[in-house]
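Please have the structure at hand while reading.

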Amino acid sequence: MRILRSVRHKVCTDGSFMKEFLLETPVTKDFFAYLGNFGQVEALPEVGDGFYKFDKPDWFSIKGFIGDTTIEVRFKKEVIDLTVDFVYFLFASYQEGMTDLAVLKQREHAIGERVRKYLYG
């Protein structure tokens, strides 16, 4: 699944930075299950059928509907420069049932150390 481009971005009232991405293929339930390897995934049926939220505290959150080709990512403003590339890598590395989690986990760990150092010293 590839991110084609950012179609909208803004600074939110909570200080986070939101980017809406246009994707090459529609979002699937399996994609959100895959994201669960890196943070917390939650189905939010009260928002709408097929609406999911992924949260990686101190990094970013991802929200979207199954079947849509756009998705919203909210970055923690202070570390967006450290984490935005990981978002692109997560999407590009996802291939239904064929993703090498070991490589992703190594990258996540390395970035996580930099995020913690920046945020908490």
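## The hairpin of S5 and S6

Strands S5 and S6 form a hairpin with four residues between them, and Gly-67 in the turn has a positive phi of about 95 degrees. Helices (H or I, at least four residues) and strands (E, at least two) are DSSP runs, numbered from the N terminus. The model is a predicted one, in which local features need pLDDT of at least 70 and side-chain atom pairs count only at pLDDT 80 or more, while totals for chains, interfaces and linings use all residues. Residues are numbered from 1 along each chain as its sequence is written, and side-chain values use heavy atoms, with hydrogens and water left out.

S5 and S6 run antiparallel and are joined by four bridges; two strands count as paired if DSSP finds at least two bridges between them. Across this pairing, Phe-60 stands opposite Phe-75 in S6, and Ile-62 stands opposite Val-73 in S6.

In S6, the covered face holds Ile-71, Val-73 and Phe-75, whereas the uncovered face holds Thr-70, Glu-72 and Arg-74.

A salt bridge is a side-chain nitrogen of Lys or Arg within 4 Å of a carboxyl oxygen of Asp or Glu. Arg-74 is partly exposed, with a relative accessible area of 23%; buried means under 20%, exposed over 50%, and partly exposed in between (1.4 Å probe, protein chains only).

## Other salt bridges

A search of the whole structure finds six salt bridges. In one of them, Glu-20 and Arg-8 meet through their side chains (3.2 Å, N to O). The pair links distant parts of the chain, with Glu-20 in strand S2 (residues 17–23) and Arg-8 in strand S1 (residues 3–11), 12 residues apart. Arg-8 counts as partly exposed at 41% relative accessibility.

The side chains of Asp-58 and Lys-76 also meet in a salt bridge (4.0 Å, N to O). Asp-58 lies in the loop between strand S4 (51–56) and strand S5 (60–65), and Lys-76 in the loop between strand S6 (70–75) and helix H2 (80–93), 18 residues apart. Asp-58 is partly exposed at 27% relative accessibility, as is Lys-76 at 30%.

## The network around Lys-56

Salt bridges that share partners join Lys-56, Lys-105 and Glu-108 into one network. Lys-56 has its place in strand S4 and is buried, with a relative accessible area of 10%.

A polar contact of 2.6 Å joins the side chains of Lys-56 and Glu-108. A polar contact is a pair of N or O atoms within 3.5 Å; within protein, one must be able to donate a hydrogen and the other to accept it, and residues adjacent in sequence count only if both atoms are side-chain atoms. Not counting residues up to four places away in sequence, Lys-56 touches Phe-38 and Glu-108, where contact means heavy atoms within 4.5 Å.
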